[in-house]
Amino acid sequence: DRELERMPHRIHVARRAMHPRAGTTDAIANPTNATPTGPPTDPHFAGHAVATDAQFEGGADPTAKRDSGPAIRAAVASGRPVYLPPGQYLYYGPGINHSAPTIAGAGQGATTVSLAPDAFFIDSDQPWLRLSLTGIRFDGGLGHIRNRFRGSNVNDLYVVSDCAFVNYKSCSISTNSSDNPYWKITRNIFHAADCRASMGIALSGLTDGTSISDNSFRVNNTVK
């Protein structure tokens with residue numbers, strides 16, 4: 001039973017364009033407080049599918065010399081949580097379309113995914129059992145997490161934390177579900193390409209049990 005009061009029909013979370021304080025630009029582009037972690041030294045990632053493993057379409061390329069999209073999608077399709085080691089990766093699309101995408105990077109200062117101008121990283125047309133996206137810096141693209149499914153999507157938690165979303169042109173995180181509660185969006189940076197046609201977060205429908213906290217909205221359009 002849901003004990004929390006339902007939130008309004010549609011939540012738009014975005015902010016008027018703000019100018020970062022002097023000296024903060026480098027911190028957005030290349031944070032220095034993230035420590036690369038991952039297999040085999042970090043037990044937290046035990047059992048993860050490592051996207052750079054050759055079994056996944058030859059492995060994702062951490063040197064950004066070729067598209068890592070096929071390898072990342074293959075790792076997600078394995079059904080295991082996915083670990084994206086430190087490095088810079090190209091992602092041309094299509095977006096990941098899976099019922100339970102769980103993807104972790106080594107920290108937004110260590111794992112970077114650069115998207116093609118018209119790409120989404122996760123772009124789904126089906127209900128999610130769960131979602132987890134943590135510790136990655138995303139650069140470019142139209143947006144990063146989009147679900148076009150319009151029916152009820154009431155399952156587990158949908159977690160987005162400790163990521164940086166920069167230089168996107170549309171909406172970083174968006175849904176179209178009539179009922180999609182239990183989002184936990186925390187400790188992220190949202191810094192769009194401009195402040196005219198971009199939003200940080202747009203969750204549709206009923207979103208009870210959702211928390212959006214400790215995020216930094218740097219450049220996004222104001223939603224009224």
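**Close-up views of the predicted model**

**View 1. Strand 2 and strand 4 in the predicted model.** Strand 2 and strand 4 (residues 82–84) run parallel and are joined by two bridges. Across this pairing, Val 50 has Tyr 83 of strand 4 as its bridge partner. Both strands belong to an open sheet of seven strands, ordered 2-4-6-9-12-15-18, with parallel pairing. Strand 2 (49–50) and strand 18 (211–213) are the edge strands, each pairing on one side only.

**View 2. Strand 14 and its pairing partners, strand 11 and strand 17.** Strand 11 (residues 145–147) pairs with strand 14 in the parallel sense over three bridges, and Asn 147 stands opposite Thr 175 of strand 14. Three bridges also link strand 14 to strand 17 (residues 199–204), again in the parallel sense; here Cys 171 has Met 199 of strand 17 as its bridge partner. Five of the five residues of strand 14 (residues 171–175) are buried, so this strand is largely enclosed by the rest of the structure.

**View 3. The aromatic pair Phe 138 and Phe 165.** The structure holds nine aromatic pairs. In this one, the ring centres are 5.6 Å apart and the planes lie at 10 degrees, so the pair is stacked. Because Phe 138 lies in strand 10 (residues 137–140) and Phe 165 in strand 13 (residues 164–166), the pair ties together parts that are 27 residues apart in sequence. Phe 138 and Phe 165 are both buried.

**View 4. Arg 146 and the ring of Phe 120.** Arg 146 lies over the face of Phe 120, at 4.1 Å from the ring centre.

Methods. Residues are numbered from 1 along each chain as its sequence is written. This is a predicted model: local features need pLDDT of at least 70, side-chain atom pairs count only at pLDDT 80 or more; totals for chains, interfaces and linings use all residues. Side-chain values use heavy atoms; hydrogens and water are left out. Two strands pair if DSSP finds at least two bridges between them. Helices (H or I, at least four residues) and strands (E, at least two) are DSSP runs, numbered from the N terminus. Buried means under 20% relative accessible area, exposed over 50%, partly exposed in between (1.4 Å probe, protein chains only). Rings of Phe, Tyr and Trp (its six-membered ring) pair if their centres lie within 6.5 Å; planes under 30 degrees apart count as stacked, over 60 as edge-to-face and the rest as tilted. A charge sits over a ring if NZ of Lys or CZ of Arg is within 6 Å of the ring centre and within 35 degrees of the ring normal.
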